[in-house]
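Here's a quick walk through one structure, from its core out to a few side-chain details. Have the sequence and the 3D view open as you read.

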Amino acid sequence: MNFRLSDACGGLRLRITGSKRNSFRTELKRKCKTDHKIWASILSLFLWGIVGITAMVGFAPTALALEYNKEILVDADFSGRDLTDSSFTKANLRQSNFSHANLQGVSFFAANLESVNLEGADLRNATLDSARLVRANLTNALLEGAFAANARFDGAIIDGADFTDTLLRSDEQKKLCKLAKGTNPITGRDTRDTLFCP
């Protein structure tokens, strides 16, 4: 008795006769299963690779925290940069430009920020403790939640700055109230209100 069998794995057509039919069929099924397992494994690895790369790129932080501790960066230009969680502890940043930079969570502990341009900078939750912000330009800056105990703001420009929940010494707060005016364009809060000026 003749038996015609199509090989689904490779499109091969064979004509099998008699008793060889069952053994060939078993071997053919085993080969097909092996081929399907190999291709399934390759496809699975490929898909997991794509998922892994997507996860790494999709969840990568927008900025890497950098350390500039004790650096001398006079006249440096950091304008418009994303410096989230970076550290400038005890750095000399005199006359540097941080205008419109993202400085959320940045540490400026004991840093020299004399005559620094912080116009429109986002300083939310930044550490400004013991920093010298003498003659600094803080026009329209966001300082919400910043820690600025012992910071000095002599001669600073704070038009439109938002000091909501900023920790300040009472004498510095009084000095700032003498200068305070304007409304922050992002939060819509009056500078005097954020400083609790009388």
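## Ground rules

This is a predicted model, so to speak of local features takes pLDDT of at least 70 and side-chain atom pairs count only at pLDDT 80 or more, while totals for chains, interfaces and linings use all residues. Residues are numbered from 1 along each chain as its sequence is written, and side-chain values use heavy atoms, with hydrogens and water left out.

## The nonpolar core

Let's start inside. The largest nonpolar core has 41 residues. Such a core is a set of buried Ala, Val, Leu, Ile, Met, Phe, Trp, Tyr and Cys residues joined through side-chain atoms within 4.5 Å; buried means under 20% relative accessible area, exposed over 50%, and partly exposed in between, with a 1.4 Å probe and protein chains only. The residues with the most contacts inside this core are Phe88, Leu93, Phe98, Leu103, Phe108 and Phe153.

Take Phe88 as an example. Leaving out residues up to four places away in sequence, Phe88 touches Tyr68, Asn69, Leu73, Phe78, Leu83, Leu93, Phe98, Val106, Ser107, Phe108, Phe109 and Ala111 (contact means heavy atoms within 4.5 Å).

## Aromatic rings

Searching the whole structure turns up 8 aromatic pairs. Rings of Phe, Tyr and Trp (its six-membered ring) pair if their centres lie within 6.5 Å; planes under 30 degrees apart count as stacked, over 60 as edge-to-face and the rest as tilted. One of the pairs is Phe78 with Phe98, which is stacked at 4.9 Å centre to centre and 10 degrees between the planes. Both partners sit in the loop between H1 and H2, 20 residues apart; helices (H or I, at least four residues) and strands (E, at least two) are DSSP runs, numbered from the N terminus. Phe78 is buried at 5% relative accessibility, and Phe98 is buried at 0%.

Phe153 and Phe163 have ring centres 6.2 Å apart and planes at 80 degrees, so this pair is edge-to-face. These two also belong to the loop between H1 and H2, 10 residues apart, and both are buried.

## Two polar residues in the loop

Thr89 lies in the loop between helix H1 (20–58) and H2. Its side chain makes polar contacts with the side chains of Ser87, at 3.2 Å, and Ser107, at 3.1 Å. A polar contact is a pair of N or O atoms within 3.5 Å; within protein, one must be able to donate a hydrogen and the other to accept it, and residues adjacent in sequence count only if both atoms are side-chain atoms.

Ser96 is in the loop between H1 and H2 too, and at 1% relative accessibility Ser96 counts as buried. A polar atom of the Ser96 side chain lies 2.7 Å from the backbone oxygen of Leu73. Beyond four places away in sequence, Ser96 touches Leu73, Val74, Asp75, Ala76, Val116 and Asn117.

## The disulfide

How many disulfides are there? The count comes to 1, taking a disulfide as a pair of cysteine sulfur atoms within 2.5 Å. Cys177 is joined to Cys197, with 2.0 Å from S to S. Cys177 is in helix H2 (residues 170–179) and Cys197 in the segment after helix H3 (191–194), 20 residues apart. The torsion about the S-S bond of Cys177 and Cys197 is about -90 degrees, so the disulfide is left-handed. Cys177 is buried at 11% relative accessibility, and Cys197 is buried at 15%.
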